[in-house]
Amino acid sequence: MDGTKEMGLRNVSSTCSISDMDDFDLSRLLDKPRLNIERKRSFDERSLSELSIGFTRGGLDNYESTYSPGGRSGFDTPASSTRNSFEPHPMVADAWEALRRSIVYFRGQPVGTIAAIDHASEEVLNYDQVFVRDFFPSALAFLMNGEPEIVKNFLLKTLHLQGWEKRIDRFKLGEGAMPASFKVLHDPIRKTDTLIADFGESAIGRVAPVDSGFWWIILLRAYTKSTGDLSLAETSECQKGMRLILSLCLSEGFDTFPTLLCADGCSMIDRRMGIYGYPIEIQALFFMSLRCALSMLKHDTEGKEFIERIVKRLHALRCHMRSYFWLDFQQLNDIYRYKTEEYSHTAVNKFNVIPDSIPDWVFDFMPTRGGYFIGNVSPARMDFRWFALGNCVAILSSLATPEQSMAIMDLIESRWEELVGEMPLKIAYPAIESHEWRIVTGCDPKNTRWSYHNGGSWPVLLWMLTAACIKTGRPQIARRAIDLAETRLLKDSWPEYYDGKVGRFIGKQARKYQTWSIAGYLVAKMMLEDPSHLGMISLEEDKQMKPVIKRSTSWTC
Ligand code: GLC
């Protein structure tokens with residue numbers, strides 16, 4: 001069936017359609033509008049079973065057995081095995097205080113949170129700015145706590161910045177580009193506030209942040225979903241902002257793949273790390289933001305054109321990712337036995353991957369049960385590294401099939417020591433070393449093995465792991481990770497990242513009081529306590545889209 005046509009026709013109203021969007025199952029979980037802290041914490045059985053809809057294993061049963069041994073009564077606060085004696089962890093109050101200290105004001109209005117407030121650090125660099133990607137977990141924490149104002153202000157402020165003319169030397173950037181970060185300059189004498197923004201023209205390496213626009217769209221949906229306030233997304237400014245972002249990544253070119261071609265360092269990993277090409281982090285965020293935009297774009301003349309393009313792209317992107325980026329034991333074995341130099345449509349080894357290029361570590365790393373989306377796929381090049389963000393977002397956006405989502409969780413469980421170790425969560429695995437490090441990072445001293453982006457452990461990723469765990473019905477994995485974080489995060493003053501093979505050491509150049517480490521922890525805690533929050537950042541499998549392939553039987557679209 002032509003899912004494209006069907007999806008395009010599904011909603012013919014000319015208003016923002018977030019309330020009847022394709023993740024309608026989860027939307028029922030939200031007793032929206034959710035505007036005050038005194039949230040209703042009641043879950044009925046149907047709601048919880050919808051939470052893990054589509055997942056055959058784990059799901060509700062698992063949730064129940066972990067959190068409510070006593071049965072039905074446990075539904076009220078699924079996060080608490082000691083439900084009746086539930087006390088917030090002492091770290092929570094400290095985290096809220098630190099998060100509030102990080103709030104940045106523009107003309108008296110809260111507009112974001114500063115990346116880090118580390119008074120001990122000699123170099124400020126740009127950690128005194130509001131980063132779009134860093135603000136995302138802060139925004140979720142505020143939304144979950146019934147404080148949407150700062151999120152709305154942030155969305156509008158960054159939208160305003162998008163309208164600036166952006167130049168690097170004599171080259172003009174695309175209109176839709178969103179800043180990586182911005183800063184408020186206070187003039188105490190004139191009593192004025194002005195904004196400066198960085199679209200890549202000041203960033204180390206001069207790379208534009210491809211992820212910023214995607215996070216912006218995903219946050220707009222989270223805001224809408226959480227508050228029930230459709231009016232913001234419906235404004236002509238927001239509609240235009242979305243269209244401008246989308247036109248940057250939906251434009252026609254020489255591409256032979258539906259994935260998005262990117263420069264190295266264009267996302268959370270914002271330095272050279274060999275992720276140029278089609279990095280999983282960007283592809284997963286791209287997919288998620290396309291789905292979010294689809295639910296918010298108006299079906300007016302301008303919107304319609306984009307809706308059609310989105311639907312087509314989603315179809316192709318989903319198929320490409322699920323087929324070619326997916327790696328499990330069977331797939332690895334198939335690649336290992338590949339023939340090369342195949343020509344024409346009948347080729348099995350379409351990208352001409354040379355089996356000798358498979359690194360040794362993958363054979364040990366790959367469990368019999370489990371799998372993941374690899375880092376990158378392009379002609380004759382597969383980056384077999386694991387990247388946490390892309391895999392978690394693949395689960396949240398339903399880029400991964402329910403089976404693939406389960407397999408990712410299986411992998412995390414069976415490779416716990418490698419991927420979580422003593423501090424959740426490794427940004428990438430494994431680290432690159434020696435000669436390879438020299439070539440790939442350009443001898444970057446900040447990215448030496450098992451440090452920073454090169455196999456470092458980032459507490460901010462805890463919220464994504466927790467969300468993925470809840471979605472797949474395996475909250476016990478999140479609980480285990482949160483327990484680990486609680487042994488150290490506060491004591492170590494909320495570092496940006498940890499170093500070492502098992503993430504045992506505070507990162508060599510890690511900032512302390514890194515805001516997204518703080519916010520990530522709070523979001524993880526709040527989600528586990530009240531899983532209905534998941535609806536803000538999760539999209540169910542689109543039921544209009546029939547599964548295109550069955551994993552491991554064929555590797556084609
Ligand atoms: C580092 C990180 C980047 C983050 C920024 C601010 O550059 O690599 O992802 O946004 O710090 O915290």
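1. A polar contact is a pair of N or O atoms within 3.5 Å; within protein, one atom must be able to donate a hydrogen and the other to accept it, and residues adjacent in sequence count only if both atoms are side-chain atoms. By this rule, a backbone N or O atom of M268 is 2.7 Å from an oxygen atom of the ligand.

2. The model is predicted: local features need pLDDT of at least 70 and side-chain atom pairs pLDDT 80 or more, while totals for chains, interfaces and linings use all residues. Residues are numbered from 1 along each chain as its sequence is written, and side-chain values use heavy atoms, without hydrogens and water.

3. The protein covers 96% of the 310 Å² of accessible area that the ligand has on its own (Shrake-Rupley method, 1.4 Å probe).

4. The residues around the ligand (a heavy atom within 4 Å) include Y127, D270, Y452 and E496.

5. Y452 lies in the loop between α18 (434-441) and α19 (462-471); helices are DSSP runs of H or I, at least four residues, numbered from the N terminus. Is Y452 buried or exposed? Y452 is buried, because its relative accessible area is 5% and buried means under 20%, against over 50% for exposed and partly exposed in between (1.4 Å probe, protein chains only).

6. Contact means heavy atoms within 4.5 Å. Leaving out residues up to four places away in sequence, Y452 touches, among others, Y127, D270, E496 and D499. The C-alpha atoms of Y452 and D499 are 6.8 Å apart, although 47 residues separate them along the chain.

How values were computed
Helices (H or I, at least four residues) and strands (E, at least two) are DSSP runs, numbered from the N terminus.
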